[in-house]
Amino acid sequence: MPSTVKVDRTFSLPGVAFCVADGAGPETASRLFAGLSDFAVHQFDPAAEKVEARAISESKHESYVMGLVRSGSSLISGSYDGSLIWWNSETGEIIRRVEKAHDRWIRMLAVTPGGSRIVSVADDMRTRIWDTATGERIFDWGDYEQKTPQGYPSMLYAVAVSPDGKWLATGDRTGQVQVRDLTNGNIAATIETPVMYTWDPKARRHSIGGIRSVAFSGNSELLAVGGMGKVGNIDHLDAPSRIEVFHWQTQERRHEIEDSKFKGLVEALQFGPDDRWLIAAGGDHNGFVSIFSMQDGKVAAQEKTGQHVHDFIVNAAATSLTTVGHQQGTVVSLS
């Protein structure tokens, strides 16, 4: 388990980066790809002497790119414009576009092990599965409430597929997690994390928070859920970052972690290779990367990144990671 988190280098991005994916093949293996607020997918090499992000194509979405995954040599992006686009990662050519994949903003994508299926979640409160090879919609589920308990539109922020390919977890604005059996579509567990949702009934009549990240452990037995704790002023992300870890099949809460030192939303989560530790990243107006022990739920190491982190990707040896966020990326070493 790492005992040190260190920002080795920082580089600029031409906008807010919401998601990141790795490359494949001889032309793109060293590159990373990110979806940005300029509506485009960009590529960059974090090991280059001068890191420069550039759009892979002149073609773009019509709004922010919020989800990005890779399947073989293809990249699939999802956007606030409700569309999915398949890209050739080497040429930037559009392979396929599904214009009305969702009726409202797409929030996140996930890919199944082996890359044969793509999962999308959106603010229409639908979870949809797509065939990667054909773009055909295979499943469409809508078991979440469309509105919050106060009668306002909800959002479906987060999605993850288990490493064994059997389970799908999604998380919404009000703090509800649904774990679904991918073989038959049945809901296997429903988990509530209400502390991650804050409603102001007086001054603003508005809410903040929600589940922003979910991640399965390597053995698919644990589920980590990320967001933030209760907020005093809902106009700001001034609340402890929060993670709850469950033995999801029994719905037993193993850890309840709040960090008041590095505040804000936990935007991304990933277990270490032996499930003994968990990587979390996010932030408020600043960003952070933290390592938590899964033995006791305590901080093992953490560091500020300078800007709010929306996503990260870990190298194969789990010795470094690359973050992307507000106009900035970082390369972080774990040791």
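**Exercise 1. Find the salt bridge that R180 forms with D143, and work out how far apart the closest N and O atoms are.**

Step 1. Pick out the two side chains: R180 and D143 form a salt bridge, and their closest N and O atoms are 2.6 Å apart. A salt bridge here is a side-chain nitrogen of Lys or Arg within 4 Å of a carboxyl oxygen of Asp or Glu.

Step 2. Strands (E, at least two residues) are DSSP runs, numbered from the N terminus.

Step 3. Check the surroundings. R180 is buried, at a relative accessible area of 6%, and D143 is partly exposed at 43%. Buried means under 20% relative accessible area, exposed over 50%, and partly exposed in between (1.4 Å probe, protein chains only).

A word on where this comes from: the model is predicted, so local features need pLDDT of at least 70 and side-chain atom pairs count only at pLDDT 80 or more, while totals for chains, interfaces and linings use all residues. Residues are numbered from 1 along each chain as its sequence is written, and side-chain values use heavy atoms, with hydrogens and water left out.

**Exercise 2. Which parts does the pair D140 and R126 tie together?**

Step 1. Confirm the contact: the two side chains meet in a salt bridge, 3.0 Å from N to O.

Step 2. Locate both ends. D140 lies in strand β12 (residues 137–141) and R126 in the loop between β10 (117–122) and β11 (127–131), so the pair ties together parts that are 14 residues apart in sequence.

Step 3. Widen the view. D124, R126, R128, R137 and D140 are linked in a network of salt bridges, and the structure holds 16 salt bridges.

**Exercise 3. What is the strand order in the open sheet of four strands?**

Step 1. Read off the order: β9-β10-β11-β12, with antiparallel pairing. Two strands pair if DSSP finds at least two bridges between them.

Step 2. Find the edges: β9 (106–111) and β12 each pair on one side only.

Step 3. Zoom in on one pairing. β9 and β10 are joined in the antiparallel sense over five bridges, and the bridge partner of I106 in β10 is A122.
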